[in-house]
Amino acid sequence: MDLPACRPFQPADTTACLQVFDSNTPGFFAPGERGEFGDHLSAIDGKAHRYMVLTCGGQVRACGGIGLSGRVARLTWGMVARDWQGRGLGARLLSERLAVLAGLPAIRRVELSTGIRTAGFYEAAGFRLLRVVPDGFAAGLDACEMALTLPEGPR
């Protein structure tokens, strides 16, 4: 496998990102969330809302973002194409997003809402589970609210 390249999302990536979403529906996302995800992609401004893609062989294989508000960052819409899962792209995507946040010393906390199937991945990366919201995303898709406190001082 080629090493994945990471770059900022461009509007031309919208169709590819929607295909990554579709590959994870159902299971990780509910079909009704597709419109919300598309709206999110349309609102990317590169400042308060950042989004990035991982490509392999020139094709988008993973994508995920960051929303910034004060001293808190929120990881948004992170996903890996289903047939590319288990190859380290999720870990790379998380690492890239946390590296961006490490360069923003005002950010003290990182939050996310993820499904029960991926909560263990984030726990292994140091996030702690705050609560589970039954059917938080859709019927049968519980939401796990999680947080990571970033270290004080220079990063």
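**Briefing on a predicted model**

Tryptophan 77 is found in strand 4, where strands (E, at least two residues) and helices (H or I, at least four) are DSSP runs numbered from the N terminus. This is a predicted model, in which local features need pLDDT of at least 70 and side-chain atom pairs count only at pLDDT 80 or more, whereas totals for chains, interfaces and linings use all residues. Residues are numbered from 1 along each chain as its sequence is written, and side-chain values use heavy atoms, with hydrogens and water left out.

**Strand 4**

- Tryptophan 77 has a positive phi of about 45° although it is not a glycine, and with a relative accessible area of 16% tryptophan 77 is buried; buried means under 20% relative accessible area, exposed over 50%, and partly exposed in between, with a 1.4 Å probe and protein chains only.
- Threonine 76 also lies in strand 4, which covers residues 72-80, and threonine 76 is buried at a relative accessible area of 14%.
- Leaving aside neighbours within four places in sequence, threonine 76 is in contact with His40, Tyr51, Gly64, Gly65, Ile66, Gly67 and Arg97, where contact means heavy atoms within 4.5 Å.
- Valine 72 is found in strand 4 as well, but with 27% relative accessibility valine 72 counts as partly exposed.
- The C-alpha atoms of valine 72 and valine 110 are 5.8 Å apart in space, although 38 residues separate the two in sequence.
- When neighbours within four places in sequence are left aside, valine 72 is in contact with Gly67, Ile107, Arg109 and Glu111.

**Salt bridges**

- The structure holds 6 salt bridges, a salt bridge being a side-chain nitrogen of Lys or Arg within 4 Å of a carboxyl oxygen of Asp or Glu.
- One of them joins the side chains of arginine 109 and glutamate 111, with an N to O distance of 2.9 Å; arginine 109 is partly exposed at a relative accessible area of 24%, and glutamate 111 is partly exposed at 22%.
- Salt bridges that share partners join Arg74, Arg109, Glu111 and Glu145 into one network.
- Another salt bridge is formed by the side chains of arginine 92 and glutamate 96, at 2.7 Å from N to O.
- Arginine 92 and glutamate 96 are 4 residues apart in helix 3 (residues 89-102), so they are separated by about one helical turn.
- Arginine 92 counts as partly exposed at 27% relative accessibility, and glutamate 96 is partly exposed with a relative accessible area of 24%.
- The side chains of aspartate 13 and arginine 7 also meet in a salt bridge, with 2.8 Å from N to O; here aspartate 13 counts as buried at 6% relative accessibility, while arginine 7 counts as partly exposed at 27%.

**The loops on either side of helix 1**

- Aspartate 13 has its place in the loop between strand 1 (5-8) and helix 1.
- With neighbours within four places in sequence left aside, aspartate 13 is in contact with Arg7, Pro8, Val53 and Val60.
- Proline 26 has its place in the loop between helix 1 and helix 2, and a cis peptide bond with omega of about -10° joins threonine 25 to proline 26.

**Packing of helix 1 and helix 2**

- Helix 1 (residues 14-23) packs with helix 2 (residues 34-42) at an angle of about 150°, their axes being 11 Å apart; axes are lines fitted to C-alpha atoms, for helices over the stretch in contact, and angles run from 0 to 180 degrees between N-to-C directions.
- Helix 1 and helix 2 are therefore roughly antiparallel to each other, since angles over 145 degrees count as roughly antiparallel, under 35 as roughly parallel, 65 to 115 as roughly perpendicular and the rest as oblique.
- Thr14, Cys17, Leu18, Phe21 and Asp22 of helix 1 make the contact with Arg34, Phe37, Gly38 and Leu41 of helix 2.
- By class, this contact of helix 1 with helix 2 has 5 nonpolar, 2 polar and 2 charged residues, where Ala, Val, Leu, Ile, Met, Phe, Trp, Tyr, Cys and Pro count as nonpolar, Asp, Glu, Lys and Arg as charged, and the others, Gly among them, as polar.

**Strand 6**

- Aspartate 135 lies in strand 6 (residues 128-138) and has a positive phi of about 55° although it is not a glycine; aspartate 135 is partly exposed, with a relative accessible area of 46%.
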